[in-house]
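Student: I am new to this structure. Please show me how to read its features.

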Amino acid sequence: MTTQSPGWLDKERIIAGPGFNRWLVPPAALAIHLCIGMAYGFSVFWLPLSKAIGIKDAVKCGPDVGFWAQLFTTSCDWQISTLGWMYTLFFVLLGTSAATWGGWLERAGPRKAGVVSALCWCGGMLLSALGIYLHQFWLMIVGSGIIGGIGLGLGYISPVSTLIKWFPDRRGMATGMAIMGFGGGAMIGSPLAADLMKYFATPTDVGVMQTFIVMALVYFVFMMAGALGYRVPETGWKPAGWTPPPAQANNAMITQRHVHVSKVWGIPQFWLIWMVLCMNVSAGIGVIGMASPMLQEVFGGTLIGVPAKFGDLDKDQLKAIATVAAGFTALLSLFNIGGRFFWASLSDKLGRKLTYIVFFVLGGVLYFSVPGSAAAGSIVLFVAAFCIILSMYGGGFATVPAYLADIFGTQMVGAIHGRLLTAWATAGVLGPVVVNYMREYQLGLGIPREQVYNQTMYILVGMLVVGLICNLLVKPLNDKWFMTADELAHEKRLAHEKAVASEVVRGGEASGSDAVNPMFVALAWVAVGIPLAWGIYRTLLSVAKFFA
């Protein structure tokens, strides 16, 4: 009886041998995350798509054309509020697909998951391009919203488990690098999309369809390169010279055992960390959504040296402060991205639990300080508070995979992380709803625009207090939740893991069939570093408008 050899996408084919350089894995993860991170920047398409038929001015639908009719109409332009549903679908599908297929990913391996992610994300964009050509919004919903959303979830969690196993000595830093890429995706994609739409635009076409096609093809190349660059370590692999820390009081939160993903729904600590992420993200998303209008409405003409309130400004002055606010938003995006790497790396020193305590305590103080700095007219304190808040928002995303690995072990951390991302999907609805409805309620009471956000900030402080309490309640797991030796061995067989003989430590510089030329490692980092540097440069040009 012959055994069928594994395919080129199978996990057995990507187990690294002696000499493989683990620093090749982060750029592979970044290549995927920088592409799918464009989900954050899709709003750049809303305005031109809302004029896809009218070109210069939107052809408005009649009062009898509601949301469902807009899915199929070819006689009028889509409303921006209708287009925004694609953005909502992204993050709902990200959480649900990551939770649904996280277990499959652990067994199939990151390469297969990365390829499926590339096919879904880029294929979804191509289907959306067809929807734009036919002016059928339902095709865009199915393409980018649903199929693309599934690719988003698989691509997001594809490197988590692998990076944690390659970097047991620096879990936070490793996941921080990849998830920093997701935050940076829009920083590259948004200006690229704007440039492409400008290039393809004609008197009869807004250029979005062609932009979708070009970006889908470029993303496909990068995502496939990233997926093919994934390698997994042999079971028992350790970095040269590193030994796991002993089970002492200062690292009691880090287990050397493993929990099966099927059990996590019933474990209290999972739900506590679920609430930790949900509260941190809800507060952060709420701030992201209101940062720009809040800056404009609170400081008004002061932003451009005019001593007048927001409601007293003329059209040109409003346009000028909107430009300043755009620079402020760009500045926040830099702190969001930088915070993902900074805080996740710092958590390797502080520990994950203490890092989240800092998020909630310092964050609570900063949220509480915003109404005071606004009332005092201190733009510097206001901006500084928001920048640090956004860094901790990004840091929360990047630190949580390592937190899960500490508590639940590394064997199925990618799948467990996938289930935890349902907290993100929940927060994506909860945060904006609380902020938007509170703002409208305050305005309805006749409260001045510069004061309508005060109560909202205090509500967000309350969310952080809830998150702090949940984080303080996180304790090491009871022995009953961990897999037995037999269960772990069975799971390793299902995951096609190959053990290192006698648990031999492999050195980073060892030679062998998988030895990698350092120049190739450098080229891999350059391949992801150049687009990231270009995105930062374009963002800094926008930031400059804030300081002008």
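Student: What should I know before starting?

Tutor: This is a predicted model: local features need pLDDT of at least 70, side-chain atom pairs count only at pLDDT 80 or more, and totals for chains, interfaces and linings use all residues. Residues are numbered from 1 along each chain as its sequence is written, and side-chain values use heavy atoms, with hydrogens and water left out.

Student: How many disulfides are there by the rule?

Tutor: A disulfide is a pair of cysteine sulfur atoms within 2.5 Å. By that rule the count is one disulfide. Cys61 and Cys76 form a disulfide, with sulfur atoms 1.9 Å apart. Their link is right-handed, with 90° about the S-S bond.

Student: Where do Cys61 and Cys76 lie in the chain?

Tutor: Helices (H or I, at least four residues) and strands (E, at least two) are DSSP runs, numbered from the N terminus. Cys61 is in the loop between α2 (46-49) and α3 (67-70). Cys76 is in the loop between α3 and α4 (80-108). The two are 15 residues apart, and the pair links distant parts of the chain.

Student: Is Cys61 buried or exposed?

Tutor: Buried means under 20% relative accessible area, exposed over 50%, and partly exposed in between (1.4 Å probe, protein chains only). Cys61 is buried, and Cys76 is too.

Student: How do I read aromatic pairs?

Tutor: A pair of aromatic rings is described by the distance of the centres and the angle of the planes. Rings of Phe, Tyr and Trp (its six-membered ring) pair if their centres lie within 6.5 Å; planes under 30 degrees apart count as stacked, over 60 as edge-to-face and the rest as tilted. The structure holds 37 aromatic pairs. Take Phe42 and Phe212: their ring centres are 5.6 Å apart and their planes stand at 80°, so the pair is edge-to-face. Phe42 is in the loop between α1 (25-36) and α2, while Phe212 is in helix α9 (residues 208-229).

Student: What kind of pair do Tyr393 and Phe397 make?

Tutor: Their ring centres are 5.2 Å apart and their planes are at 85°, so this pair is edge-to-face. Tyr393 and Phe397 are separated by about one helical turn, because they are four residues apart in helix α13 (residues 379-408). Tyr393 and Phe397 are buried. Ring pairs also link Tyr393 and Phe397 into a cluster with Tyr40, Tyr156, Phe182 and Trp424.

Student: Which charged end sits over the ring of Phe20?

Tutor: A charge sits over a ring if NZ of Lys or CZ of Arg is within 6 Å of the ring centre and within 35 degrees of the ring normal. Here the charged end of Arg231 sits over the Phe20 ring, 5.3 Å from its centre.

Student: How far apart are Val461 and Ile157?

Tutor: In sequence, 304 residues; in space, 29 Å, C-alpha to C-alpha. Val461 is in helix α16 (residues 454-472). Val461 counts as buried, because its relative accessibility is 15%.
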